[in-house]
Amino acid sequence: MEHMREGKKALLVMGCPEVPVQMSMVIYLTHKLTHAGYDVTVAGTDAAVKLLKAADPESYYVKKTADIDQTISDIVEKKTDFDLCFAFMHSDAGMTYGATFSAISRAKLYALVFGKNAEVLGESIDYPAEKIVAKATHNPNPLKNKIDKVVL
Amino acid sequence: MSCIEQMKYRLYLERTSFKDARDYIEKNCEEVYYVDPGYKIFKDYYIIGVPPVAMGVRGTEMLFTYVKPCHGTFVMGIDSEEEIARLRENEKKKILKSAKKGKVAEVGASTAAPASFGDLWKR
């Protein structure tokens, strides 16, 4: 199975890092995708990438990180693209970034919606994306259980 | 950081939702154009947004949405005749493209139409 996915690329897009479940789910999902044979890049703001690097100092889980706006630029300029894209979002701004990736990339998009307003935010998504919605802020398990149901 | 933050800009809405920012542009600009997410303005800013992304013109000023993951959406205004001209040019191209498509569809429809009443009856 792993052999079949050789050369497949996945992008994880982090939103604002203020909600605790995001960082643990980014590391968890990166681990899961890497095991499934994907070449994983995690994109985010400077603050989000710093938090990630502090949690994984030897890049044991996350091998590649990128600036979120630079990633958008690279996709628009056709320097890179991905097969899968997981956009983490708990705010309107995160949802807006998800819409942008949906429009510019050929990747299959998963909208990972969490936080206390997850349901309302999930309903506002009207662009092509598979929605994974869980009202999770401190406890990662509701979101983790839904991520585990995604067939990779 | 995008070059936009180093330019001389005005902020009309701060830390709002994308929808409210779009509404502001639509209601407060003399001309409104719609672009796709990823539309490039100035040197290095690619518009982030939920389609249709509204961009406005008010005098010599271009109004657009600027999204930051931790701070929400802003409506920014920057004086730029060059960018306004590019927006208008972009719109002209879109109209031409859709007009051409319409013409092709019309031609296709007329060739498919029956040539005589006999043809019509056969059908």
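A:H90 is located in the loop that joins strand 4 (84–89) to helix 4 (92–104) of chain A; helices (H or I, at least four residues) and strands (E, at least two) are DSSP runs, numbered from the N terminus. The model is predicted, so local features need pLDDT of at least 70 and side-chain atom pairs count only at pLDDT 80 or more, while totals for chains, interfaces and linings use all residues. Residues are numbered from 1 along each chain as its sequence is written, chains are lettered from A and ligands numbered from 1 in the order in which they are written, and side-chain values use heavy atoms, with hydrogens and water left out.

**Surroundings of A:H90**

With a relative accessible area of 14%, A:H90 is buried (under 20% relative accessible area; exposed is over 50% and partly exposed in between, with a 1.4 Å probe and protein chains only). Leaving aside residues up to four places away in sequence, A:H90 touches A:C16, A:E18, A:V19, A:F114, A:G115 and A:L121, where contact means heavy atoms within 4.5 Å. A:P17 is 73 residues from A:H90 in sequence, yet their C-alpha atoms are 9.6 Å apart in space.

Two distances between named atoms are listed below.

| From | To | Distance |
|---|---|---|
| Backbone oxygen of A:C16 | Polar atom of the A:H90 side chain | 3.0 Å |
| Side-chain oxygen of A:D67 | Backbone nitrogen of A:D69 | within 3.1 Å |

**Helix 3 of chain A**

The contact from A:D67 to A:D69 is at the start of helix 3 of chain A. Within this helix (residues 68–76), A:I68, A:T71, A:I72, A:S73, A:D74 and A:I75 are buried. Their cover includes strand 1 (9–13), strand 2 (39–44), strand 3 (64–67) and helix 4 of chain A, together with strand 4 (45–46) of chain B. Just after helix 3 of chain A, A:K78 adopts a positive phi of about 60°.

**Helices 1 and 2 of chain A**

Helix 1 (residues 21–35) and helix 2 (residues 46–55) of chain A pack with their axes 11 Å apart, at an angle of about 60°. Helix 1 of chain A is therefore oblique to helix 2 of chain A. On the helix 1 side, the contact is made by A:M23, A:V26 and A:I27, and on the helix 2 side by A:A48, A:L51, A:L52 and A:A55.

**Chain B**

Chain B contains three helices and seven strands, in the order β-α-β-β-β-β-β-β-α-α from the N terminus. Of its 123 residues, 39% count as buried. Among contacts in chain B with a separation of 6 or more, 58% come from residues 24 or more positions apart.

Key:
Axes are lines fitted to C-alpha atoms, for helices over the stretch in contact, and angles run from 0 to 180 degrees between N-to-C directions. Angles under 35 degrees count as roughly parallel, over 145 as roughly antiparallel, 65 to 115 as roughly perpendicular and the rest as oblique. A polar contact is a pair of N or O atoms within 3.5 Å; within protein, one must be able to donate a hydrogen and the other to accept it, and residues adjacent in sequence count only if both atoms are side-chain atoms.
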